[in-house]
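I opened my notebook to look through one structure, piece by piece. Here is what I looked up, in the order I went.

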Amino acid sequence: FIDVLGDSLASLSASGLTEAFADKPEIAVADKSHDASGLVRADYFDWPKAAHDLATGKDHIDFVVVMVGINDLQAMRDGADNLDPLSDRWKAAYSARIDAVLAPFQTANIPVAWVGMPPMRVDRFNADIVKLNEIDRAEVEKQGVKYIDIWDAFADQNGQYDASGPNVDGQIVKLRGPDGIHFTKAGGRKVAHFLEAEIRRVF
């Protein structure tokens, strides 16, 4: 039983995983993502609470995938303060929220894979996503959790956004949607390809 947590990119990746394991009836993928959610706006959706509820709930979970971030480049409330995105205090608070999502699964001995964000079409957004990925990777690896870097798989040879690229069969197809953020069906399936290896290794 694989639970996929995160935002709309996570949902598309969950669909890709379902397709990837279509011939494996012993593997079930549950899409637990929430559109427009993230780690910054706990008032909209509280991922640390959701992680705790899932890890301690009745449903059996063997593996968790987390993919979150596209909605997080905004000010974060910390008590009475508003922290500017990517400021030092914001980074510290964001790292603490990553830990709060991971902790319940670690306590329950449920393996987690954290998926990094792919390149984005808009330059400024892309530059911020690079920084967010750096925070994610540092914190996730510090906690001994597997970080899956998908950047190069969705980038051109210069490491920049590319709407098209090889799919899991090596054919050049559209991997990204018209908004320059989301995956196509083929893109979601390609993310799943990188998760498959980790899931098979764990099982």
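**Entry 1: a loop residue.** I began with alanine 36, which counts as partly exposed because its relative accessibility is 47%. My cut-offs: buried is under 20% relative accessible area, exposed is over 50%, and partly exposed is in between, with a 1.4 Å probe and protein chains only. Alanine 36 is in the loop between strand E2 (29–31) and helix H2 (47–56). Helices (H or I, at least four residues) and strands (E, at least two) are DSSP runs, numbered from the N terminus. Alanine 36 is not a glycine, yet its phi is positive, about 65°. Most residues other than glycine have a negative phi.

**Entry 2: ground rules.** I noted that this is a predicted model, where local features need pLDDT of at least 70 and side-chain atom pairs count only at pLDDT 80 or more, while totals for chains, interfaces and linings use all residues. Residues are numbered from 1 along each chain as its sequence is written, and side-chain values use heavy atoms, with hydrogens and water left out.

**Entry 3: another positive phi.** I turned to asparagine 109, in the loop between H3 and E6. Its phi is near 55°, again positive in a residue other than glycine. Is asparagine 109 buried or exposed? It counts as exposed, because its relative accessibility is 69%. I also checked glycine 144, which follows H4 and has a positive phi near 75°.

**Entry 4: the core.** Which residues have the most contacts inside the largest nonpolar core? I found Leu17, Trp90, Tyr94, Phe105, Trp114 and Leu195, in a core of 62 residues. Helix H3 (residues 88–107) gives the most to this core, with seven residues. A nonpolar core here is a set of buried Ala, Val, Leu, Ile, Met, Phe, Trp, Tyr and Cys residues joined through side-chain atoms within 4.5 Å.

**Entry 5: helix H5.** I followed Leu195 into H5. Leucine 195 touches Leu17, Val65, Ala113, Val115 and Ile148, leaving out residues up to four places away in sequence. Contact means heavy atoms within 4.5 Å. H5 has a kink of about 30°, centred on leucine 195. The bend at a residue is the angle between axes fitted to the seven residues ending there and the seven starting there.

I then checked the span of H5 (residues 185–202). Its 18 residues should span 26 Å at 1.5 Å a residue, and its end C-alpha atoms are 26 Å apart, which agrees. The expected span is 1.5 Å times one less than the number of residues. The buried residues of H5 include Gly187, Arg189, Leu195 and Ile199. Among the elements that its buried residues pack against are helix H1 (8–20), strand E3 (63–67) and strand E6 (112–115).

Entry 6: Serine 13 lies in H1. It counts as buried because its relative accessibility is 2%. Serine 13 touches Met67, Phe183, Gly188, Val191 and Ala192, not counting residues up to four places away in sequence. Apart from neighbours within four places in sequence, serine 11 is in contact with Asp31 and Ser33.

**Entry 7: the strands.** I looked at E3 next. Five of its five residues are buried. Phe63, Val65 and Met67 point one way, and Val64 and Val66 the other way. E1 runs parallel to E3, and five bridges join them. Isoleucine 2 has phenylalanine 63 as its bridge partner in E3. Two strands pair if DSSP finds at least two bridges between them.

How many bridges pair E3 with E6? I found three, in the parallel sense. Valine 65 stands opposite alanine 113 in E6, and valine 66 stands opposite tryptophan 114.

In E6, Val112 and Trp114 point one way, Ala113 and Val115 the other way, and all are buried. E6 and E7 run parallel, joined by three bridges. Tryptophan 114 has tyrosine 147 as its bridge partner in E7. From E6 the chain crosses through H4 to E7, and this β-α-β crossover is right-handed. That term means that, with the strands pointing away from the viewer, the path from the first strand over the helix to the second runs clockwise.

**Entry 8: helix H4.** I ended on the helix in that crossover. H4 (residues 123–142) has 20 residues and reaches 29 Å from first C-alpha to last, close to the 28 Å expected. Its buried residues, among them Phe125, Ile129 and Leu132, pack against H3, E6 and E7.
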